[in-house]
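Open the model in your viewer and show the side chains. This tour goes from one selection to the next.

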Amino acid sequence: MSVTSSTNDAPSRRLKGEERRSQLLSVAASLFSKRGFSSTTMDDVAEAAGVTKPLLYQHFSSKKALYLELVDEVAHRILTAIENGTQRAEGPRQQVEEGLRAYFRLVVEDPAAFELLYDRDHGGDEELGRAVRRVERALVDAVDPFIDAGLDPQHRLFLAAGLVGMAEGASVAWIDMRITLSNNAERDQEAERLARRMSSMLWAGLRSVRAD
């Protein structure tokens, strides 16, 4: 499910259960990424999807349940892309490069999904905040094995968290620039450029880390 899918047109035919659920998720993701969680209502989602609110509630018990499912879906896409990318690598440096390449390709292809993930306007809802932090921790756990600096496990995890934070910060900055990429070739080129530059900087830093 891509957040950037067209979501504003009312459906022209009756959709089956899974098709309808997928459509509602896509519509909600687009609205959440544009307006934020707090400013989006279930009425907004139902109207944008061209369905009644009772039908929306048949699929999702609340706005929170809908948002949590979207966060899980985006997290799954990111972690799967990183895992698939790093499987092709032969060593730690190549794993860092391939992981970043997979990560930034998703950022470039579907920036709205990352806007949804990095939204911090949850109206003080601790459960939503914890859900996003679980995604961040999952990314840290995915990166941790790539750091081979002779460190103890706690400090290796500390560095992994730093790498993830840098990648997230770079992603937010890139999304805020609103760079227009008109075709797949341009998106691939931009993702490659981001990954190459970030991996060069991160690897230079990792190479200077000592175990003492």
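Select Phe104. This is a predicted model, and in it Phe104 is buried, with a relative accessible area of 2%. Look at the two rings. Tyr103 and Phe104 form an edge-to-face pair, 5.3 Å centre to centre with 85° between the planes.

Next, widen the view to the largest nonpolar core, which has 58 residues. Which residues touch the most other members? Select Phe32, Leu66, Ile78, Leu100, Tyr103, Phe104 and Phe114. Then colour by helix. Among the elements that give two or more residues to this core are helix 5 (92–109), helix 6 (111–117) and helix 8 (153–176). Helix 4 gives the largest share, nine residues.

Leaving aside neighbours within four places in sequence, Phe114 is in contact with Ile78, Tyr103, Leu106, Val107 and Ile175.

Move on to the aromatic pairs. The structure holds five of them. Select Phe37 and Tyr67. Their ring centres are 5.0 Å apart and their planes meet at 70°, so this pair is edge-to-face. Phe37 lies in the loop between helix 1 (17–35) and helix 2 (42–49), and Tyr67 in helix 4 (residues 63–86), so the pair ties together parts that are 30 residues apart in sequence. Buried or exposed, these two? Both Phe37 and Tyr67 are buried.

Ring pairs link Phe32, Phe37 and Tyr67 into a cluster. Last stop: Lys63. Lys63 lies over the face of Phe37, 4.2 Å from the ring centre.

Technical notes. Residues numbered from 1 in each chain as written. Predicted model: local features only at pLDDT ≥ 70, side-chain atom pairs only at ≥ 80, totals over all residues. Heavy atoms only, no water. Phe/Tyr/Trp six-rings, centres within 6.5 Å; stacked < 30°, edge-to-face > 60°. Helix = DSSP H or I, 4+ residues; strand = E, 2+ residues; numbered from the N terminus. Buried < 20%, exposed > 50% of the residue type's maximum accessible area, 1.4 Å probe, protein only. Lys NZ or Arg CZ within 6 Å of the ring centre and 35° of its normal. Core = buried A, V, L, I, M, F, W, Y, C linked by side-chain atoms within 4.5 Å. Contact = heavy atoms within 4.5 Å.
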